[in-house]
Amino acid sequence: MAYQLTINGQTHEVDVDGDMPLLWVVRDHLNFTGSKFGCGVAQCGACTMQIDGVAQRTCALTIANAVGKNITTIEGLQSPQALALQAAWVELQVPQCGYCQSGQIMSATALLEKNASPTDADIEAAMSGNICRCGTYSRIKAGIHMAAAQVKNAGGAA
Amino acid sequence: MNLQRLFGSKAGKDSNSGNLSRRSFLKITAGGTAGLVLGVNLTGSAAVAQSAAQSAAEGAMEFNAFVSITPDNTVKVLIKHLEMGQGVYTGLATCIADEMDADWAQVVCEHAPANTEKYANLLMGQQGTGGSTAIANSFTQMRQAGAAAKSMLVSAAAAQWGVPASEIKVSQGVVSHGSHSATFGELAVAAAQQPAPDVNSLTLKDPSEFTLIGRENTLRKDTGKHNGTAIYTQDVQLPGMLTAVVAHAPRFGGKVKSLDATQALARRGVEKVFQIDTGVVVVASDYWTALKGRGLLQIEWDDTAAETRSSGRILEQFRELVDTDGLVAESEGNAANVLSQSSDVEELVFEFPYLAHAQMEPLNCVAQVNGNSAEMWYGCQSATGDQAAIAQLLGTGIENVKINTVFAGGGFGRRANPMSDYVLESVRIAQQMPGTPVKLVWSREDDMKGGYYRPAYVHKLAASLDSNGKPSAIHIRVAGQSIMEGTPLAAMMMVNGIDTTSVEGLTGMTYDIPERQVELHSPVVGVPVQWWRSVGHTHTAFSKEVFIDVLARKAGADPVQYRLDLLKNNPRETAVLKLAAEKAGWGTKELPAGWGRGVAVHTSFGSTVAEIVDVSVTGKTFKVERVVAAIDCGIAVNPNVVRAQVEGAIAYGLSAALADEVTLTDGNVDQTNFHTYRVLRMDAMPEVETHIIASTNAPSGVGEPGTPPIAPAVANALAAITGQTLTRLPLKLA
């Protein structure tokens, strides 16, 4: 059946079965391919998007349950926290294969948007649902600290 | 995989000699293209002309097989290896840009097409990525490609300005002489028409003249990974493309007995269901629909030829085998004799499980077949082998197989399948859908249960000790499947029935032990196996380094000093071990109560890595807190990428040390996804500090050598604090 979704502030209409996970609607039907498929069972975090500001695994969230929500994908990130994280990822050369990194940045963005000064323990708690087989964890952690500091400095200057 | 062996040490040596002509002809003997003679060309050939025509469409002027320049001043570099996270875009481009004196910001990279003649790995003799050889094989070649392009730019400027070429300077992408100055882009058209220089006439920079090689500020070129724009196989979208999933037999070697696809075909969006030799294919409009369709198939499997044993039974067989004589892989002196006469013998049996690669991007491949030609889009790791295998399947020539390589979401060995398994599966599917591009997608469960694992092994090590507690003889037996047997690589990689990759690291042992014997049993098991980041060293470094630690403790010696005493003839391992020990504060930096410190050192893929690990222990649980690593990899082309690879290699090996394990129950793989195959997550990642030995030697491997030492270093740290010698991976305290 036809569903209306609000993704990155735009309305999209798709005609798919109601049990199709949001990830596959976004990837295969709307051609936003930044969000990745890694496990299909909400275990690896590669598919993470923000649903009404909360980081969620969209490989296990049906389209029927995403209707009426504000969906943000990696392509639609705009918050100062997200932009600071992306800049830190480049500066610290975080990604290796990069396949998990959209999901890492989505989880990190959700963390920084509600916790401006996360501790290592806060970061581990927020990020341990995101697997990286290249082992970039230390750089991800450093990137989150760097972005947090950058956002705070920018806020102080404004 | 130690692919240097493919052509022996001579080829390895030549690759760094800077003399292209000496290795101008390598013969392909693998991948079904026996007899094709390769030339290492920087310029010339019909293939260049074809590629030049394509580049001309973008306004790019082609200087040689690797470098083109567009009038807008972009230096485009073709990368002959697969970028799967190890940094080849950055590393190869750095070598080119340094010799060109290009501005790093003007350099962009693309994957080269499949073209063995132009893009062979000079250590493999075929186009392929692996064995940590990307920089090692191409360091000189890439620099020559850059120097050749620069020489043409200078010649063009000299002609335009009427000045001697020898007086022209090039720096950061600008060519200048007195009041004259031009960018690469401004000179591109004229320079591309200059005759290509003889590569042997080019003088490459002395390391003291490097501007990019060895520097910290060269940002990676595999961009778009922070904002979702980087394209992987999974992201390839083509007009009219369909998605396929395959129902594989639950047991390895199982076949379809009966199929009822009625319900699947009734599902909206399912286009076609058919059988191929690897299972039952469901083709649909998208992945989810294909997956749902697959769930509706009624399949009865025939397990007559399937592997139905449990992994416990398989390992039991291996344990029995190490008590019997095996094929002799290496023998120095008469170790068995010395051992039998010694009153002081130490013996340990080690056990290693099957391991899945579990790269983040599950296997996938896009294929379009038209008649007897194919076009492919995927993270292609073995271009020559895959291209030949596809051509053979289609009954056509390799010129009819076009491969477009995109980023791979990790590999760790899995994508370089000697049988081109998933690639041929995708072509077989596309053959049934003529003219339609089809994306084959393996689910995570397909990937994890799909085999081609790091083999399970059992080792038995026995040493006799002299009056000083030093080993006078060592006798080693290894039992486990060969990863080469039955593949096109067996002819090259197996010597007298010995798969050298099964024992590498135990053979050629660096410790000075006078009498040594290494024996091998390679039983046939129906579980498909393959190389896994650092290949044989994944297990051999563990038994070697844990065993040496046991001997050190038995002798009452310090584990670092005990090793140094046995490494007197190996200055390289000595230097790396000393550096790691110094940086870690071995013997000087005190540990908190309940912590232990352990060490391991190992050489693989031409590089030596030592790792010193601090663990904290609470009851039966432990956490790896800190790892200090030292590496000698020759010239570090990009130190930041080297550190990243060591960090990643440690994380990958640590995952296996802590938890990774594939088990089988009656032939069925027990692990299906990340809830049962529990890989390393951020909360278990230690602090990692990497120190690089300053070197002017030719670059050696970086992607793999960091993995072997981590598991034994952790086991040795645990032994130091708990007194328990752990001989089985993954590590579990009693």
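This is a predicted model: local features need pLDDT of at least 70, side-chain atom pairs count only at pLDDT 80 or more; totals for chains, interfaces and linings use all residues.
## Around Q263(B)

Is Q263(B) buried, exposed or partly exposed? It counts as partly exposed, because its C-beta has 13 neighbours inside 10 Å, while a buried residue would need 20 or more.

Follow the chain for 32 residues from Q263(B) and you reach G295(B). The C-alpha atoms of these two residues are 9.4 Å apart.

## A three-stranded sheet in chain B

Next, look for an open sheet of 3 strands in chain B, ordered β7-β8-β9 and paired in the antiparallel sense. Strands β7(B) (169-171) and β9(B) (180-183) are at the edges with a single partner each, so each has one side without a neighbour in the sheet. Going from one strand to the next, the twist averages 20°.

β7(B) and β8(B), the latter spanning residues 174-177, are joined by 3 bridges. If you want to find the pairing by eye, K169(B) has S176(B) in β8(B) as its bridge partner. Two helices pack on this sheet. Helix α5(B), residues 134-161, touches β7, β8 and β9 of chain B, and its direction makes about 40° with that of β8(B). Helix α6(B), residues 184-192, touches β8 and β9 of chain B and makes about 85° with the direction of β9(B).

## A covered strand: β25(B)

Which way do they point? E515(B), Q517(B), E519(B) and H521(B) go one way, and R516(B), V518(B) and L520(B) go the other.

β25(B) pairs with β15(B) (residues 327-332) in the antiparallel sense, over 5 bridges. In that pairing, Q517(B) has S331(B) opposite it. β25(B) also pairs with β22(B) (residues 471-480), this time in the parallel sense and over 7 bridges. Here H521(B) stands opposite A479(B).

## Helices of chain A

Over in chain A, helix α1(A) covers residues 22-29 and is mostly covered, with 7 of its 8 residues buried. Those buried residues are L22(A), L23(A), W24(A), V25(A), V26(A), R27(A) and D28(A). What covers them? The cover includes β1 (2-7) and β2 (10-15) of chain A, along with α8 (287-295) of chain B. Just past the helix, N31(A) takes a positive phi of about 60°.

Helices α2(A) (residues 80-91) and α3(A) (residues 101-114) pack at about 135°, with axes 9 Å apart. That is why the two helices α2(A) and α3(A) are called oblique to each other. Their crossing is right-handed. On the α2(A) side, the contact residues are Q81(A), A82(A), L85(A), Q86(A) and W89(A). On the α3(A) side, they include I105(A), A108(A) and L112(A). By class, this contact has 6 nonpolar, 4 polar and 1 charged residues.

## Where the two chains meet

How many residues does each chain bring to the contact between A and B? Chain A brings 44 and chain B brings 46. On the side of chain A that touches chain B, the elements giving two or more residues are α1, α2, α3, α4 (120-127) and α5 (137-157) of chain A. α5(A) gives the most, with 4 residues. Sorted by class, that side of chain A has 21 nonpolar, 17 polar and 6 charged residues.

How values were computed
Residues are numbered from 1 along each chain as its sequence is written. Chains are lettered from A and ligands numbered from 1 in the order in which they are written. A residue is buried if 20 or more other C-beta atoms lie within 10 Å of its own, exposed if 12 or fewer, and partly exposed in between; C-beta atoms are placed from the backbone. Two strands pair if DSSP finds at least two bridges between them. Two residues are in contact if their C-beta atoms, placed from the backbone, lie within 7 Å. Axes are lines fitted to C-alpha atoms, for helices over the stretch in contact, and angles run from 0 to 180 degrees between N-to-C directions. Angles under 35 degrees count as roughly parallel, over 145 as roughly antiparallel, 65 to 115 as roughly perpendicular and the rest as oblique. A crossing is left-handed if the near helix is turned anticlockwise from the far one by less than a right angle, and right-handed if clockwise. Ala, Val, Leu, Ile, Met, Phe, Trp, Tyr, Cys and Pro count as nonpolar, Asp, Glu, Lys and Arg as charged, and the others, Gly among them, as polar.
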